[in-house]
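This report describes a protein chain from its overall make-up down to single residues. The sequence and the structure come first.

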Amino acid sequence: MSSVNQLSQLPWSCNGASYAFGMYSEEMKLSLGYNQESLDTIGFWKDVGENVGIVAGLLFDVVQPSWVIAVGATQTMCGYFLLWLTITHKIARPKLWGVCTFMWMATNGQTFFNTATIVTCVKLFPESRGKAIGLLKGMLDLSSAILSQIFTGIYGSAARKSAFLLLMSWQPAFVEFSAMFLVRLDAVDNDGIGASESYWFLVVMTLSSCLAIFLMVVVVIDNFLLLSTAVDRGVSIIVIIILLLMMIVPWRSTLYRRRETEDFSQLSEKLLQKDTIFGKDMNLEEKDGISEETEIKFEQTAGKGITGTSSIGEEEAGDLPQHIKIDTEKRASTFLDNRVPKIEQDLTVCEILVSTDFLLLVMATLCAMGAGFTAINNMGQIGFSQGYSPRQIDTLVSLLSIWGFAGRCLGGFASDILLHTKAVPRPAFIVAALCTLALGLALDMPK
C-alpha cells in the first residue's frame, strides 16, 4: 500500500466535532441550567481532552496505528453518547464534574486519531511534512462545516442541537472503524517524495479546496435564502460524494505506485543481467586493480574535503570510467552521511519531556494559543449576545471552520516551500501565526 494512503481525508472530515462546540454550547447551557462560568469550565476540559494526548502517544509505541484509532473511536463514541443522554435528560443530571468528564472523554478520543495519523505521516513523508500535516489538520478544521452540513441534511435545520451530539456518538466512530486499517507504517522508500506522489498531494489539495469553496458558497446562500430541507439533503449528498472521491485517490495512487514498482523491478533485473555478463568477460585481477585505484582516489578526495554531490574533483573524474565514477560518488555520499549529525531521531518519553523544543512548544501553546481556543469555545455566546439566530450562529461556526482549513493548508505548503528553498525554519511560522492571532483579537476588542 502506498504511503499516500495516509492522506485519506474521509476520517479527518468527521473527527473535528470539538471545533463545533459553539453550535450546541448554548443549548447545553440552557438545558442543564448552567451559567457562563460553568460553561467555561466544560470548555476548558474540552480543550484539555483535545490537546493532551499522552496516553495516545504511549499506546502508539506499543501497538499498530489502527488499534490506536480503534481505542480513540470507542472513547469518542461513549463520551458523546453520554453527553447526549445528559442534555436530553435521559439520565439523571450529573454533577458539573461528571459533565466535564464526559466532555473530556469525547474530545480526548480525537487525540488517539491525531497521534496515529500525524506521527505516521511524519515518518512516511520526511521531506513533505508541512504539506501532509497541513492537509490533515486543515481537514480536521473543515470537518466542523462538513458535520454541520451533514447534520442539517439528516435532521433538518429546525432540529435541536442535542441531536448533533447523537450524530457525533456514531458517525465519526463508524467512519474511523471503516478506514482505520488505511493508516499503517509500511516499509516504503522515503528518500524523498517522488514526482508521482507530489502529483497526488496536489490532487488531494485540489479536491479539499473545491469542497471548502463549495461549502462556503452553500453556507452563505443558506444564510440569505434559507434553503429547503430537500436542498440541504442534496448538498449533503454532494459533500459525501466529494469525500468518497478523496478515498479513491489513495487507492488509485496505490495501483499507480505498484505499476511503477513492477516496471522498476523489471528494469533492475535487465541491468543486473548485463552487469553479470560484463563481469564474466572482465579479468578478476583487472577488477581488483581498478577497485584499489578507486580506493586511493576516494581517500585522497575525502582528505581534501567534499562539497555538493560530486565525490571527486573534475580532473580525477575525467580519468575514470563512468561506472567507477558512479560507484565512487555513492561511497562519498555515504562518507558524508556518516559525518552529518542526525538531529531527527526517535526519543524516549523522558528525553522528549526535557528537550528544549518540546518545552518551547508547550510554552507557546499554554501562553498564546489558549486565546484562540477561548474565542472558538464562546463563539455561540458571542453570536447570541449580538442577536444572531441559531442558523446564523451555525453559519458563523462553519465559516470559521472553512477559513481555518485555508490557513492550515496554505501554511503547511508555504512552510515546506520556504524551508526547502529559503531555509526558513518552521518556528518562524509559529511566531507569524501567533502574531496574526494577537492582531485579530486586538482588532475584535470592543471599542
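## Model and overall make-up

The structure is a predicted model. Its protein chain has 447 residues, and 43% of them count as buried. The secondary structure consists of 17 helices, with zero strands.

The accessible surface of the protein chain is about 24100 Å², and carbon and sulfur atoms account for 65% of that area. Taking contacts between residues at least 6 apart in sequence, 81% join residues that are at least 24 apart.

## Packing of H4 and H7

Two packed helices are described by the angle between their axes and by the distance between the axes. For helix H4 (residues 65-87) and helix H7 (residues 162-179), the angle is about 165 degrees and the axes are 8 Å apart. H4 is therefore roughly antiparallel to H7, an angle over 145 degrees being counted in that class. The crossing of H4 past H7 is left-handed.

On the H4 side, the contact is made by Ile69, Ala70, Ala73, Thr74, Met77, Tyr80, Phe81, Leu83, Trp84 and Ile87. H7 contributes Ser162, Leu165, Leu166, Met168, Ser169, Ala173, Glu176 and Phe177. Sorted by class, the contact of H4 with H7 comprises 14 nonpolar, three polar and one charged residues.

## Packing of H1 and H4

Helix H1 (residues 21-32) also packs with H4: their axes come within 10 Å and cross at roughly 50 degrees. This angle makes H1 oblique to H4. The H1 residues in the contact are Tyr24, Met28, Ser31 and Leu32, and those of H4 are Tyr80, Leu83, Thr86 and Ile87. By class, the contact of H1 with H4 has six nonpolar residues, two polar residues and no charged ones.

## Serine 66 in H4

Serine 66 is part of helix H4. Its relative accessible area is 7%, so serine 66 counts as buried, the cut-off being under 20%. Not counting residues up to four places away in sequence, serine 66 touches Met180, Phe181 and Val183.

Serine 66 and phenylalanine 177 are 111 residues apart along the chain, and their C-alpha atoms are separated by 8.7 Å.

## Threonine 111 and valine 52

Threonine 111 has its place in helix H5 (residues 96-124). With a relative accessible area of 5%, threonine 111 is buried. Apart from neighbours within four places in sequence, threonine 111 is in contact with Gly49, Glu50, Asn51, Val52, Gly53 and Ala56.

Valine 52 is in the loop between helix H2 (36-51) and helix H3 (54-60). Valine 52 is partly exposed, at a relative accessible area of 42%. Leaving out neighbours within four places in sequence, its contacts are Asn108 and Thr111.

## Threonine 152 in H6

Threonine 152 belongs to helix H6 (residues 129-155). This residue is buried, with a relative accessible area of 13%. Once neighbours within four places in sequence are set aside, threonine 152 is in contact with Ser157 and Asp232.

## Loop residues with positive phi

Histidine 89 is not a glycine, yet has a positive phi of about 60 degrees. Histidine 89 lies in the loop between H4 and H5. Its relative accessible area of 47% makes histidine 89 partly exposed.

Alanine 423 likewise has a positive phi, near 60 degrees, in a residue other than glycine. The loop that holds alanine 423 runs between helix H16 (390-422) and helix H17 (427-443). Alanine 423 has 59% relative accessibility and therefore counts as exposed, which requires over 50%.

Technical notes. Residues are numbered from 1 along each chain as its sequence is written. This is a predicted model: local features need pLDDT of at least 70, side-chain atom pairs count only at pLDDT 80 or more; totals for chains, interfaces and linings use all residues. Side-chain values use heavy atoms; hydrogens and water are left out. Helices (H or I, at least four residues) and strands (E, at least two) are DSSP runs, numbered from the N terminus. Buried means under 20% relative accessible area, exposed over 50%, partly exposed in between (1.4 Å probe, protein chains only). Contact means heavy atoms within 4.5 Å. Accessible areas come from the Shrake-Rupley method with a 1.4 Å probe; for residues, only the protein chains shown count as cover. Axes are lines fitted to C-alpha atoms, for helices over the stretch in contact, and angles run from 0 to 180 degrees between N-to-C directions. Angles under 35 degrees count as roughly parallel, over 145 as roughly antiparallel, 65 to 115 as roughly perpendicular and the rest as oblique. A crossing is left-handed if the near helix is turned anticlockwise from the far one by less than a right angle, and right-handed if clockwise. Ala, Val, Leu, Ile, Met, Phe, Trp, Tyr, Cys and Pro count as nonpolar, Asp, Glu, Lys and Arg as charged, and the others, Gly among them, as polar.
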